Amino acid sequence: MTATLTDPPPASPPRPRRPRPGLLWAVLVIAAGAVLALGGTPTAPPVVPLAHGVAIDPGTGTVYQADPRHDVVRVYTRTATGMREVGQVRTGARPVSVAVDPTTHQAYSANEGGRSVTTIAPSGADGYAATRTTPLAFAPTIVGVGRDGVVHAAPRVATASKPARPPKPTPGRPATQPLPAPFSAFGAASFTPKDFVVTYGPNFFRLTDATHNIEFCAGVCHGVAVGRAGVNEGRGGTGYCIGYCTDVASGADGPRVNELNGTSGGRGGTGYCLGVCTNVANGGRGGPLDGEAFGETSTGGRGGDGGTAWCYGTCAGVAAGGAGGSVTVHGHDGTDAVSDRDGRDAVAVGGTGGNGGTAHTATGTAQGVGGRGGDATAIGGAGSVGSGRPGSPPDARDGGHGGAAQATGGQGGQGRQTGAPGSATATGGRGGDGATPIAGGGRGGDGGDASARGTDGRATGGDGGNGADSILGAAGDGGDGGNAASSGAATGGDGGDGGPGAADGTGSNGAGGDGGDASSESGQHAGGHGGDGGSNGGASPDGTDGADGSDGREP
């Protein structure tokens, strides 16, 4: 049995599409299984008994809560610090549910004891009053507003003529009970009330089943059924929230690591939210990575995919893919050992963004946006300084070469809107300076090349090391600067300076190193400067300074 109540139509534009009352009612019944004490910080459970209805006007943020013990509907408005009660509207006996028409801003209570429906409307600057109470031929427990603005009421959901067979109990845990039709229509799962722990806090009321990560919250709620790193792959749980809600059923962020590959973010769970909702069933951010590289590729964690979000009211950030993890790697610097003088290469790839999930809102169903790709930063290892120790091999006097750096921003995830790729920054390692043994100066090491691909790419070639002075014989030449290539700005490394020759005229001055070349897809490039040739070598055989290095080339 149902009844239809018709109020005079307001003089307003056509109403936008809104979700079916059955869906809204399912959220109300599930998430508002207990009355909230909104406003203060309770020191004990609220005096108000358990109720069955809370509704929010998404346009004004006003909260209506049915109070069946006192035969009133309590009205709350938002303040800078939370919610405060602004009025109590007398209704028929035992109101058990409430619904709001977001267009007219009128609320309706189903009065089970009074067999009636009460209409509540704003009155004055900050007041609310009952404008009419409509008697019915049955005891209503459900009230809703149709797309056409007509108010519908219905009695308690009847059980099926042939009820489903209950599930077999699990040892040590009571069997769950099948939910009535409105619950299953909304996609909710069965649950066992004994599994839940009740928590009262400032402006919220929460029931938590930590074992299965199911959580209900009403009021001002944050972090409802979010995923936990290391548990079920960080996947978000099942969260129900009414009020002002942030982070409902979102996947966990991947933890920071210093290994080759970052950890993935958790997938978003299933989030139901009615009111002002932000970040519902979003995927977690991929784990960032920060460490030392020995030439291998280091990749940030992948962002978690978005889950499934049901959101009615004012919604932002629903079922979005998580951002890819960022990466910062430093190539291992060269050492004094002859076989380990060169800096190691650094290769960084930002994590891929997660794909968008499924978002159900008052305007329809759509895929969530893809997550942004992770940023990548690569710094090549520096070459070591040459060895000037007596007895060292001749080539040990040369400085080690700088390691190359390659950075690639992570790809954005797929979705209603593809996520942007991550940024990339690459800096080649500096070449080591040559050493000054007794005979002949060591050559400076070449700077490492740099390559960056991504949003706002920046590549800088490593500077060449300086050539060493000479006590006997020729001075060392400066090392060449590293080349740079980028999707954004590119700067070639500067060449190292040549060293001065021996003062007794037995050796020539060193030549400066060439600057590194630069190439940029965006046209922002600058070649490196050539190093200065050595001079002041005294009576060198040809009496000339060392040649200056050439500047790097640009397209």
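Does Trp310 count as buried or exposed, and at what relative accessibility? Trp310 counts as buried, at 16% relative accessibility, under the 20% limit for burial. The legends below refer to a predicted model.

**Figure 1. Overview of the predicted protein chain.** The chain has 555 residues, and buried residues make up 50% of them. Its secondary structure comes to 2 helices and 32 strands. Of the contacts between residues at least 6 apart in sequence, 64% join residues at least 24 apart.

**Figure 2. Confidence along the chain.** Mean pLDDT for the protein chain is 78, with 77% of residues at 70 or more. Among the elements, strand β24 (residues 376-379) has the highest mean pLDDT, 94. The lowest mean, 32, belongs to helix α2 (residues 181-186). Over residues 6-52 the pLDDT is below 50, and this stretch has 118 contacts in the model beyond near neighbours in sequence. The pLDDT is also below 50 over residues 158-191, a stretch with 41 contacts beyond near neighbours in sequence. Where pLDDT is low, predicted coordinates should not be read in detail.

**Figure 3. The stacked pair Tyr240 and Tyr272.** The structure holds 4 aromatic pairs. In the pair shown here, the ring centres of Tyr240 and Tyr272 are 4.7 Å apart and the planes lie at 5°, so the pair is stacked. Tyr240 lies in strand β15 (residues 238-248) and Tyr272 in strand β16 (residues 270-280). The two residues are 32 residues apart, and their pair links distant parts of the chain. Tyr240 counts as buried because its relative accessibility is 3%, under the 20% limit. Tyr272, at 2% relative accessibility, likewise counts as buried.

**Figure 4. Tyr272 and Trp310 in the aromatic cluster.** The rings of Tyr272 and Trp310 have centres 6.3 Å apart and planes at 20°; the pair is therefore stacked, as the angle is under 30 degrees. This pair also links distant parts of the chain, from Tyr272 in strand β16 to Trp310 in strand β19 (residues 308-318), 38 residues apart. Phe216, Tyr240, Tyr272 and Trp310 form one aromatic cluster.

**Figure 5. Surroundings of Ser423.** Ser423 is found in strand β26, which covers residues 423-427. Its relative accessible area is 17%, so Ser423 is buried. Leaving aside residues up to four places away in sequence, Ser423 touches Arg372, Gly374, Asp375, Ala376, Gly409, Thr455 and Asp456. One of these contacts, Ala376, falls within the residue range of strand β24 (residues 376-379).

**Figure 6. Pro500 in a loop.** Pro500 has its place in the loop between β30 (489-491) and β31 (518-520). At 25% relative accessibility, Pro500 counts as partly exposed, because this value lies between the limits of 20% and 50%. The C-alpha atoms of Pro500 and Asp469 are separated by 5.2 Å. Along the chain, Pro500 and Asp469 are 31 residues apart.

Key
Residues numbered from 1 in each chain as written. Predicted model: local features only at pLDDT ≥ 70, side-chain atom pairs only at ≥ 80, totals over all residues. Heavy atoms only, no water. Helix = DSSP H or I, 4+ residues; strand = E, 2+ residues; numbered from the N terminus. Buried < 20%, exposed > 50% of the residue type's maximum accessible area, 1.4 Å probe, protein only. Contact = heavy atoms within 4.5 Å. pLDDT = per-residue confidence, 0-100. Phe/Tyr/Trp six-rings, centres within 6.5 Å; stacked < 30°, edge-to-face > 60°.
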